[in-house]
Amino acid sequence: MSKEIESHHFLEFAYQLYKTMKTNEINLVYEGEVTQEITKTFTSLTEKNMARSEEPNQVQRKVFNVMVECLQNISKHADTLSDETDDDRRGIVMVSKGDDSYKIITGNVIRNSKIPGLKESLEHINSLDKAGLSSLYKQQIMEAKLSEKGGAGLGLIDIAKKTGSKLSYQFKELNEDMSFFILTSTIKRNY
Amino acid sequence: MDVINIKGTDDTPNVILDKASGQFEISGRSLPEDVNMFYEPILDWIDQYAEEPNDHTEFCFKLEYFNTASSKVILDILLKLEEIVESGKEVIVKWHYHEDEEDMLEAGEEYADIVEIPFDYVLYTD
């Protein structure tokens, strides 16, 4: 009997999730490891969806660009809750399509000690206009040394430049060491 | 000199580097999982080429997309080409951009601000 109730709850949950996704036009939801293969699969899936809905080319290209940077940010920077392994880079990924814009929402675990530095970068990027972002990008690309994982510290600047929108973010504390970092990138549908 | 001829995939670009025929081109998409590993032989090749370059080098970039990690390596390539310019030989960068991709034109202009190499911007359509 209890099994039946459990399975009923699960079906109800699946239906609610479906309804929520439909009303909010969420095209993609994922929680798990973010690898190069996942990045390629999601970007090509999103590309196909956009091509089918005859989204203008410029918008498609921007969504593609921003998705790659967001996903590669997770695969390069995400921390993990367990101490056991360092190479399991997990996160959540959501893509939603609104009347005026696409939103790409990513979330990953981050060490609390990294938050002040990241917050400072995000606030600095959000304080700049197009020309300011361009000079920050040029300065950073000249100074940057590629990390072992191939990060150049340019991802967030690039997202801000290409979307022309402010980066919206939040940190939710999980425990005294870790938080959950949520980043929302907005790509306008009409240029 | 050896010829580099790498066929592109959905996350790595086509690369042709051929001193004898004077063909130097990187095209397609560049978002490799390991940027350092992919570009190492290319940077080594250009290093070697810079020691004895042709009198005239026309280096063609025709990228549809590159990620920020690749953008750093592209700067490294351009800095090597700049050394050739400084040695007194002629280098020109042909920077192609798609008509729907103004960001790609801007990216080229940003590189042109950083390095002392003449850039020629080439618009293309599908």
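Conventions. I worked with a predicted model in which local features need pLDDT of at least 70 and side-chain atom pairs count only at pLDDT 80 or more, while totals for chains, interfaces and linings use all residues. Residues are numbered from 1 along each chain as its sequence is written, chains are lettered from A and ligands numbered from 1 in the order in which they are written, and side-chain values use heavy atoms, with hydrogens and water left out.

Entry on T39(A). I located T39(A) in helix 2, residues 36-52 of chain A (helices are DSSP runs of H or I with at least four residues, strands are runs of E with at least two, both numbered from the N terminus). T39(A) is buried at a relative accessible area of 1% (buried is under 20%, exposed over 50%, partly exposed in between, with a 1.4 Å probe and protein chains only). Leaving out residues up to four places away in sequence, I found T39(A) touching V34(A), V68(A) and L71(A) (contact means heavy atoms within 4.5 Å).

Entry on Q60(A). I placed Q60(A) in helix 3, residues 57-77 of chain A, and its relative accessible area of 15% makes it buried. With residues up to four places away in sequence not counted, Q60(A) touches E47(A), M50(A), A51(A) and E55(A).

Entry on backbone angles. Most residues other than glycine have a negative phi. E25(A), in the loop between helix 1 (2-23) and strand 1 (26-33), has a positive phi of about 50° and is partly exposed at 37% relative accessibility. E54(A), in the loop between helix 2 and helix 3, has a positive phi near 55° and is exposed at 69%.
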